[in-house]
Amino acid sequence: MSEQKSSFMKGVFNNEISDEPLKNFPFFRSKSEEDFKMMHDSIKGWLEESSDSAAFDETKKLPEEIIQGLKEMGLFGLIIPEAFGGSEFNQTLYTRTLQLVNQFDTSICLTIGAHQSIGLKGLYLYGTDEQKAKYMPKLATGEMIAAFALTEPSAGSDAAGIKMKAERKGDHYVLNGSKLWITNGGLADFFTVFAKETIDGKEKITAFMVTRDMGGVSHGPEEQKLGIRASSTVEIYLKDTKVPVENVLGQPGDGFKIAMGILNQGRLGLAGGALGSIESVLKDCATYAQDRKAFGKNIGQFGIIQEMVADMTASAYALESMTYFTSHLVDSGDFDYSIEAAICKVYGTEAAWEAINLAMQIHGGNGYMVDYGLERKLRDGRIGIIFEGTNEILRLFIALTGLKEPATAFKGAMKNLQSIQKFPDLENINNAISKIGVLSEFAFNEVKKSVVTEKLTGFHEELQKESERLASATKILATSASRLIRTYGKGLMEEQIQLGRLANIAIDTYMIATVLSRIHGVLTERGGVEKNKDELELARYIIRNAKARINHHAHNIRVNRDDTIQKTAAAAFDKSGYAFSLHDQKW
Ligand SMILES: Cc1cc2nc3c(=O)[nH]c(=O)nc-3n(C[C@H](O)[C@H](O)[C@H](O)COP(=O)(O)OP(=O)(O)OC[C@H]3O[C@@H](n4cnc5c(N)ncnc54)[C@H](O)[C@@H]3O)c2cc1C
C-alpha cells in the first residue's frame with residue numbers, strides 16, 4: 001500500500017492543527033446523493049415492513065426471509081466494487097447505511113456489518129486481483145457470507161497470543177485449531193482466519209481466506225448471549241483444513257498487521273451503528289415524553305427530562321460530526337485515520353450505551369418491561385463497548401499512538417543530553433547549562449507550536465469563543481502529553497490510568513474540532529446565524545461541555561489519587577472481594 005498521509009489527530013497531539021479540513025466539513029452533497037437517498041428509502045421501507053426485533057430476539061435467529069431480503073436489497077455487497085456486482089459504496093455511504101439499519105435492528109446490522117466491515121475487508125484491502133475476482137462476486141450477492149476469525153479462548157485483546165497452527169506443505173497449508181465467538185460463524189462460507197506459522201525459525205501470524213468447502217471446517221452451537229441474540233456467534237473449528245497458498249492474504253507473516261488494518265476501518269461501521277441506535281431511542285423518548293403524564297403535566301415539561309433528551313441529542317450531533325468527518329478522511333485517500341476511527345468507536349459505543357440508559361430512565365417502569373423494547377435495545381447495545389477492540393484497549397491505543405511523535409522528539413532531546421554527559425572534561429557548570437539548553441529547546445519547540453494554534457483563525461465570527469476552546473484543548477492535549485513523557489519516560493506504558501485520561505482529552509478535543517468544523521460550515525454556507533440559531537446553540541453547548549471535561553482530565557493528570565486506586569484494587573484482590581465490610585471489622 002502507498003505511504004499514508006499525516007493524521008489529523010497525530011498533529012493535534014503535537015499541538016499542530018491542520019485547519020484546512022476543518023474549514024471544509026464533509027456535508028452530504030456528492031453527485032450520488034440522490035441515488036443514495038433512493039436506496040436508503042427503499043431499505044428503510046423494507047425494514048419498516050420486515051424487521052421484527054422482538055421476534056428475532058425470542059427465536060434467537062434471523063428468519064430465512066430476512067437473510068434473503070438482505071441479499072435482494074444488495075446489503076451484502078455495499079462496499080464491493082461494481083465490477084464484482086456490488087454497490088461500490090465509499091466509507092461514508094457504507095457508514096450511513098449501517099446507521100440506518102441499526103435504527104431498526106442490531107442483529108441485522110451486525111450480520112451485514114461483520115460480513116463487510118471485517119469478514120471480507122481483508123480481501124477488499126489486501127487481496128490480489130485474482131483473489132478478488134474469485135470471491136467478490138459471491139460475497140456481493142450474499143451467496144457466500146463472510147466472517148472474521150481472530151479471537152481464541154486464550155487470546156482476545158492479546159491477539160498476538162493466538163495458537164491456531166498453519167503448517168506449509170508444498171502448495172498448501174494445513175490449519176488446525178479453534179476460534180471463539182465468531183460473528184456470522186454459523187452462516188458463513190468464507191472466513192478470514194489468522195494462524196501462526198514458523199517462518200525462518202520464528203512464529204509469525206499469517207492471514208488466510210478459508211472456505212467451508214476446503215474440508216475440516218465446522219462450528220459449535222450458537223452461543224447463549226445477553227443481547228444481539230439473532231446475530232450468529234459460534235466457535236469455529238479447523239481440523240486439518242487444506243488451504244491453498246494462493247489463499248494467503250498479503251505476505252506470509254503479515255497477518256497481525258493485516259488484522260489491525262481490517263479492524264481500524266471496521267470501527268467506523270460500529271460508530272455508524274451506534275449513531276443509529278441513539279437516533280432510535282431518541283425517537284422513542286420524544287414520543288413517550290410528550291404522551292406520559294405525571295403531576296398533571298407531560299413528563300417532557302420537566303427540566304430533568306429535557307436535560308436527558310438534550311444530552312441524547314447532543315451525543316447524536318457530536319457522534320455524527322466525528323463519524324462523518326472521519327469517514328471523509330477515509331474516502332479522501334491514504335490518510336492515516338487509525339486514531340480518529342478508534343475515537344469514533346469508543347465515543348460512539350459509550351454514547352449509545354448512555355443514551356439507551358437515559359431512554360430507559362425516561363420510560364420509568366415501562367422501560368423495564370419487555371413490551372416496550374428498550375430492555376432489548378439495552379441488551380443489544382452493550383456489546384459495542386467490548387468487541388472490535390475493547391474500549392480500554394482502544395483508549396490505550398489512542399494515547400500511545402498519539403504519544404509516539406512527541407515521545408520521539410523528547411527521546412531526541414534526551415539523547416543529546418546523554419551525549420553531553422559523556423564528556424567528562426566539561427566543567428560541571430557548563431554541563432548543567434547544556435542540560436537546561438537541550439531540555440528548554442524541547443520546551444521551546446512546544447511553545448513555538450502552541451503559538452501556531454493560538455492563532456487559529458478564519459472561523460465564522462460567531463465562533464470565536466469556540467475556536468479559542470479548540471486552540472486551548474489542543475494545547476492542553478499537547479502539554480499533557482509532554483508532561484506525561486517527561487514525568488514517566490519509558491515507564492509511561494505502565495501508567496494506564498494516566499493514559500486513559502490522555503485518551504479522554506483526545507476524544508473530547510476531536511469532538512470539539514469536528515463540531516466546530518460542522519457548525520462553521522453550517523453558518524457560512526447555509527444561511528448564517530439567524531437561520532441556524534438553535535443548531536449554533538447546540539454546538540456551543542457540546543463544545544463547552546467537552547472543554548469542561550478536558551479541564552477536569554488535565555487537572556487529574558497533574559493531581560490525582562492513583563496510588564489510592566492501586567491500593568484499593570490490591571485490597572479487593574487480596575481479600576477476593578470487598579475489603580472494608582462493616583460486618584468483617586474486628587474491634
Ligand atoms: C458477541 C461477540 C461477538 C464477537 N465477534 C467476534 C468476531 O467476529 N471475530 C473475532 O475474532 N472476535 C470476536 N469477538 C471477540 C471479541 O473481539 C473479544 O471478546 C474482545 O476482543 C475482548 O477479548 P476478551 O473477551 O478475551 O477479553 P480480555 O482480553 O480477556 O479482556 C478482559 C478485560 O480486560 C481488559 N484488558 C485486557 N488487556 C488489557 C490491557 N493490556 N490493559 C488494560 N485492560 C486490558 C479488557 O479491556 C477487558 O475489560 C466477539 C465477542 C463477542 C462477545
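## Where domains 2 and 3 meet

In this predicted model, 11 residues of domain 2 are in contact with eight residues of domain 3. On the domain 2 side of that meeting, helix H10 (residues 255-291) gives the most, with three residues. Sorted by class, the side of domain 2 that touches domain 3 has eight nonpolar, two polar and one charged residues.

The centres of the two domains, taken over C-alpha atoms, are 32 Å apart. For orientation, the domain assignment puts domain 2 at 146-257 and domain 3 at 259-388, with domain 1 (8-141) and domain 4 (392-560) making up the rest of its list.

## Around the ligand

There are 20 residues around the ligand, and the ones that come nearest are Thr151, Gly156, Ser157, Thr390 and Glu392. Strand E1 (146-149), strand E3 (172-183) and helix H15 (391-421) each put at least two residues into the shell.

## Helices H3 and H6

Helix H3 (residues 33-50) packs with helix H6 (residues 91-102) at an angle of about 20°, and their axes are 10 Å apart. That angle is under 35 degrees, so H3 and H6 count as roughly parallel to each other. The crossing of H3 past H6 is right-handed.

On the H3 side, the contact is made by Phe36, His40, Ile43, Lys44 and Leu47, while H6 brings in Leu93, Thr97, Leu100 and Val101. Taken by class, the residues of this contact come to six nonpolar, two polar and one charged.

Definitions and conventions. Residues are numbered from 1 along each chain as its sequence is written. This is a predicted model: local features need pLDDT of at least 70, side-chain atom pairs count only at pLDDT 80 or more; totals for chains, interfaces and linings use all residues. A residue is near a molecule or strand if its C-beta atom, placed from the backbone, lies within 6 Å of it. Helices (H or I, at least four residues) and strands (E, at least two) are DSSP runs, numbered from the N terminus. Axes are lines fitted to C-alpha atoms, for helices over the stretch in contact, and angles run from 0 to 180 degrees between N-to-C directions. Angles under 35 degrees count as roughly parallel, over 145 as roughly antiparallel, 65 to 115 as roughly perpendicular and the rest as oblique. A crossing is left-handed if the near helix is turned anticlockwise from the far one by less than a right angle, and right-handed if clockwise. Two residues are in contact if their C-beta atoms, placed from the backbone, lie within 7 Å. Ala, Val, Leu, Ile, Met, Phe, Trp, Tyr, Cys and Pro count as nonpolar, Asp, Glu, Lys and Arg as charged, and the others, Gly among them, as polar. Domain bounds come from an automatic or database domain assignment.
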